[in-house]
Amino acid sequence: MPFSPPEEELTQAVIDLKSSNPQLGISKVHALLLRSYPDWVVSEKRTRKVLQSQGLIVSPTPSFFGIPEPAVYPSSSVIHSLDVHQWSAKIDVKYFNKKKGKGLVAISDIEEGETVWREDPFIIAPEWEIFDMQQKSTACSYCTTPLLPDSPLVNPCTASSSSSYCPARFCNRLCTARSGKTHPLVCPVQNPASVPLIKYAKDIQWMALHALTQCTSRILQANQLKDPSTLNSDWEIVTGLAELGLEDRFKYSFKSAASPEPDRPTWQKAFKLYIEAFKEPKSPQAKKKLDQILKNPLPAHIDAELFSYEGFLRGLGRMSLNLEAHGGLYAVHSHLNHSCDPNISVRHLDQRNSLSRITVIAKRPIKAGEELLVTYVNPKLGFKARQDELKGWGFGACICSRCVEEAKMISQAPATNDELDDLESELKAGLGVV
C-alpha cells in the first residue's frame with residue numbers, strides 16, 4: 001500500500017538522487033523519486049522543499065513547516081589529520097552534504113549505556129562560575145577540576161611571584177605541563193596585554209570571545225615548537241570546525257533569547273583588545289614580554305586568518321557553533337550533529353580528577369551505519385521553542401523525526417500551512433482515505 005515516507009528517509013533519498021543527477025531540475029528529480037520508490041506518496045512541493053532545505057537548489061526564502069530558512073549555512077570540512085579511531089574503534093567520520101557537513105556514524109553496533117569515547121578538550125574556556133573559581137585559585141586552570149585545600153599536589157603558575165601575581169593553580173604536574181599549550185599567553189605575568197581582553201570577555205559574558213582567546217593562544221604556542229606538525233594539525237582542527245561568520249549570523253538573525261549575539265561595535269572593541277593582546281600591545285614593556293614568548297613568526301596564511309578583522313569574525317563564529325556547554329572545544333565532539341531525540345549524551349563524569357573531560361554515552365542501542373546525534377537545545381522544550389533556539393546555529397529548521405512528528409500534530413492555522421496540508425494529503429492517500 002502506498003505510504004508517505006518519514007522526512008529523514010525522504011531527505012536522504014532526494015539527496016542521493018540529486019547527487020547522482022545534478023543536472024536535473026525539481027520536476028525531474030520528483031519524477032525520478034517516484035519511479036525509484038513506487039510505494040511512496042510524495043508531492044512535488046515536498047520534494048522541492050527538501051531540495052531547498054538541503055541547499056541543492058537556489059531559493060531566496062525557502063521554508064520548512066513555515067519556518068524561514070537562511071540563504072547560507074555553516075561550512076565545515078573533514079579534518080584529514082584527525083584519526084577518530086584513537087578515541088573509539090566504533091565510530092567514523094562521514095561527510096553528508098554541503099548544508100549538513102560532516103558527522104559521526106557508528107561502524108559497529110553500540111549497546112545502550114555503553115561509553116562510546118572519552119575526550120579531553122582541545123581548548124577550555126569554562127563556564128563563568130568555574131572561571132571565577134580559577135581566578136580565585138580554587139579550580140585547576142587547565143582541567144577546571146575544583147582543587148582540594150592544602151593538597152600537596154597543587155602547583156602554582158611558575159611565573160607567579162609576590163611582586164607579579166598569577167592566580168593560576170594546577171591539579172598536579174601533568175596539568176601544569178599541559179597548560180603550556182595555552183597558559184603563557186593568557187597569564188597576567190607572562191603576557192599582561194591579555195588581561196584587558198579576558199576581562200572584557202568576562203564583563204560582557206561573551207563565551208565565544210573567551211574561547212577564541214584560548215584557541216589563538218594554542219595556535220601561537222604551537223608555532224613556537226620546532227616540529228611544524230603540531231601547528232599544522234592544530235590549525236587543521238580549527239579550520240575544519242563548522243563555521244559561520246558573525247556578519248552572516250547578524251544578517252540572517254541567527255539568534256535567540258537564550259543566546260543573543262553582541263552587536264558590531266562590540267565586535268570592533270573586542271578586535272582591538274584581541275590585537276593588543278596577541279599582536280600589538282599598547283606598552284613597550286608588554287610588547288617586550290609578548291616578544292619573549294612569540295619568537296617565531298606565523299605562516300602568512302595563518303597570520304592573515306587570525307588577525308584580519310574578517311578572520312576574527314569567522315573565528316568567533318566557529319567558537320559559537322562548536323563550544324560544548326561546559327565551555328570546551330573538543331576535536332571529535334565537534335563533529336556531532338543535532339537531533340531533538342538524540343541517541344547519545346555527553347557528560348562530565350571525571351569530576352574529581354579531570355572535570356573538563358567528556359564521556360560520550362549511548363542513550364539507546366545504536367546500529368552500525370546509524371549517525372550519532374546529540375541535542376543542541378533543551379529537549380524538554382516544546383516544538384516551537386526548540387526551533388527558535390536552533391536558529392542560533394544557522395542550520396535552518398530541524399527535520400529530525402521528533403520535529404517532523406510534532407509538526408504534524410500542530411493544529412494552529414492548518415489552512416495556511418502548506419507543508420502540513422501536503423503531509424495530511426499524503427497520509428490520507430497512503431491510507432486509501434478519500
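Which residue lies over the face of Phe-96? That is Lys-100, at 4.2 Å from the ring centre. Here a charge sits over a ring if NZ of Lys or CZ of Arg is within 6 Å of the ring centre and within 35 degrees of the ring normal.

1. **Ground rules.** This is a predicted model, in which local features need pLDDT of at least 70, side-chain atom pairs count only at pLDDT 80 or more, and totals for chains, interfaces and linings use all residues. Residues are numbered from 1 along each chain as its sequence is written, and side-chain values use heavy atoms, with hydrogens and water left out.

2. **The second largest pocket.** The second largest pocket holds about 800 Å³ of space. A pocket is an open set of points on a 1 Å grid over the protein atoms alone, where a 1.4 Å probe fits, with protein on both sides within 12 Å along at least five of seven lines; lining residues have an atom within 4 Å of a point. The volume is the space filled by probe spheres set on the points, which are joined across faces, edges and corners. There are 32 lining residues, and Glu-8, Lys-100, His-338, Glu-371 and Leu-373 are the closest to the centre.

3. **What lines the pocket.** Two or more lining residues come from each of helix H1 (7-20), strand E3 (91-97), strand E10 (337-338) and strand E13 (371-374). H1 gives the most, with five residues. Helices (H or I, at least four residues) and strands (E, at least two) are DSSP runs, numbered from the N terminus. By type, the lining has twelve nonpolar, eleven polar and nine charged residues. Nonpolar covers Ala, Val, Leu, Ile, Met, Phe, Trp, Tyr, Cys and Pro, charged covers Asp, Glu, Lys and Arg, and the others, Gly among them, are polar.

4. **Aromatic pairs.** The whole structure has seven aromatic pairs. Rings of Phe, Tyr and Trp (its six-membered ring) pair if their centres lie within 6.5 Å, with planes under 30 degrees apart called stacked, over 60 edge-to-face and the rest tilted. Phe-271 and Phe-312 form a tilted pair, 5.2 Å centre to centre with 50° between the planes. The two are 41 residues apart, Phe-271 in helix H11 (residues 264-278) and Phe-312 in helix H14 (residues 309-322). Phe-271 counts as buried at 17% relative accessibility, and Phe-312 is buried at 1%. Buried means under 20% relative accessible area, exposed over 50% and partly exposed in between (1.4 Å probe, protein chains only).

5. Tyr-274 and Phe-278 make an edge-to-face pair, 5.5 Å centre to centre and 75° between the planes. Both lie in helix H11, four residues apart, about one turn of the helix, and both are buried. Ring pairs join Phe-271, Tyr-274, Phe-278, Phe-307, Tyr-309 and Phe-312 into a cluster.

6. **Salt bridges.** The count is 18 salt bridges, each a side-chain nitrogen of Lys or Arg within 4 Å of a carboxyl oxygen of Asp or Glu. Asp-234 meets Arg-218 at 3.0 Å, N to O; Asp-234 is buried at 5% relative accessible area, and Arg-218 is buried at 11%. Arg-264 and Glu-247 meet at 2.8 Å, N to O, with Arg-264 partly exposed at 32% and Glu-247 partly exposed at 34%. Glu-243, Glu-305, Arg-314 and Arg-318 are linked in a salt-bridge network.
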